[in-house]
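I opened a notebook page for this chain and wrote down what I looked up, entry by entry.

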Amino acid sequence: MGLLSFLIVGLIAGFLAKYVVPGEGPGGILGDLIIGIIGAFIGGWVFTEFGHYGVTGLNVWSIIVAFVGAVILLFILRAISGRRATY
C-alpha cells in the first residue's frame, strides 16, 4: 500500500475513533494521524488473528480495520492514563 493512502486511511480512522471514544483526544490532526496509523497496525493484527484481511489499500475495508484498531488503542490509552485530579 502506498504511503499516501496509508496516511489517508490513518487520518480518517483516527478522526472517527476520536469521536467514538469518550474523553479528550491527543493533539489535533497530527494526533489523529498517529492514532490512526498505529490503529491500522493494531487492527490489521487483530483482524489477521481472526482470519480476515488487514489493511489492504485505500478502501472502506481498510478504514474499518484501522478504525477498530484506533478505537482499541484509544481505550488502552484511556485505561493507562486514567483520570487526572484537577485542583
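I take buried to mean under 20% relative accessible area, exposed over 50%, and partly exposed in between. The model is a predicted one.

**Entry: Ser62**

I started with Ser62, which sits in helix 3. Is Ser62 buried or exposed? Its relative accessibility is 0%, so Ser62 counts as buried. I then listed its contacts, leaving out residues up to four places away in sequence: Ser62 touches Val9, Val55, Thr56 and Gly57.

**Entry: the chain as a whole**

I counted three helices and zero strands. Read from the N terminus, the order of elements is α-α-α. I noted that 36% of the 87 residues count as buried. For contacts between residues at least 6 apart in sequence, I found that 66% join residues at least 24 apart. The accessible surface of the chain is about 5,700 Å², and carbon and sulfur atoms account for 72% of that.

**Entry: nonpolar cores**

In soluble globular proteins, nonpolar side chains tend to be buried together. Which residues make up the largest nonpolar core here? I found eight: Phe6, Val9, Ala13, Leu33, Ile37, Ala40, Ile63 and Ala66. Helix 1 (3-20), helix 2 (28-49) and helix 3 (60-81) are the elements that give two or more residues to this core. Another core lies apart from this one; it has seven residues, including Ala17, Val21, Ala70 and Leu74.

I also looked up Ile37 from the largest core. With residues up to four places away in sequence not counted, Ile37 touches Phe6, Leu7 and Gly10.

**Entry: Val46**

Val46 belongs to helix 2. Its relative accessible area is 18%, under the 20% limit, so I put Val46 down as buried.

**Entry: nonpolar patch on the surface**

Which residues form a nonpolar patch on the surface? I have Leu4, Ile8, Ile12, Phe15, Leu16, Tyr19 and Leu58, which together have about 680 Å² of accessible area. Leu4 is in helix 1. At 61% relative accessible area, over the 50% limit, Leu4 is therefore exposed.

**Entry: aromatic pairs**

A pair of aromatic rings is described by the distance of the centres and the angle of the planes. How many aromatic pairs does a search of the whole structure find? I have two. In one of them, the rings of Phe15 and Tyr19 have centres 4.9 Å apart and planes at 70°, so I logged the pair as edge-to-face. Phe15 and Tyr19 are both in helix 1, four residues apart, which is about one turn of the helix. Phe15 is partly exposed at 41% relative accessibility, and Tyr19 is exposed with a relative accessible area of 59%.

The rings of Phe47 and Trp61 have centres 5.3 Å apart and planes at 90°. Why is this pair called edge-to-face? Planes over 60 degrees apart count as edge-to-face, so the 90° between Phe47 and Trp61 puts them there. The pair links distant parts of the chain, with Phe47 in helix 2 and Trp61 in helix 3, 14 residues apart. I checked the cover of each: Phe47 is buried at 15% relative accessibility, whereas Trp61 is partly exposed with a relative accessible area of 34%.

How values were computed. Residues numbered from 1 in each chain as written. Predicted model: local features only at pLDDT ≥ 70, side-chain atom pairs only at ≥ 80, totals over all residues. Heavy atoms only, no water. Core = buried A, V, L, I, M, F, W, Y, C linked by side-chain atoms within 4.5 Å. Buried < 20%, exposed > 50% of the residue type's maximum accessible area, 1.4 Å probe, protein only. Contact = heavy atoms within 4.5 Å. Patch = residues over 30% accessible without salt bridge, like charges linked within 9 Å, V, L, I, M, F, W, Y side chains within 5 Å. Areas by Shrake-Rupley, 256 points an atom, 1.4 Å probe, with all protein chains shown as cover. Salt bridge = Lys/Arg side-chain N within 4 Å of Asp/Glu carboxyl O. Phe/Tyr/Trp six-rings, centres within 6.5 Å; stacked < 30°, edge-to-face > 60°.
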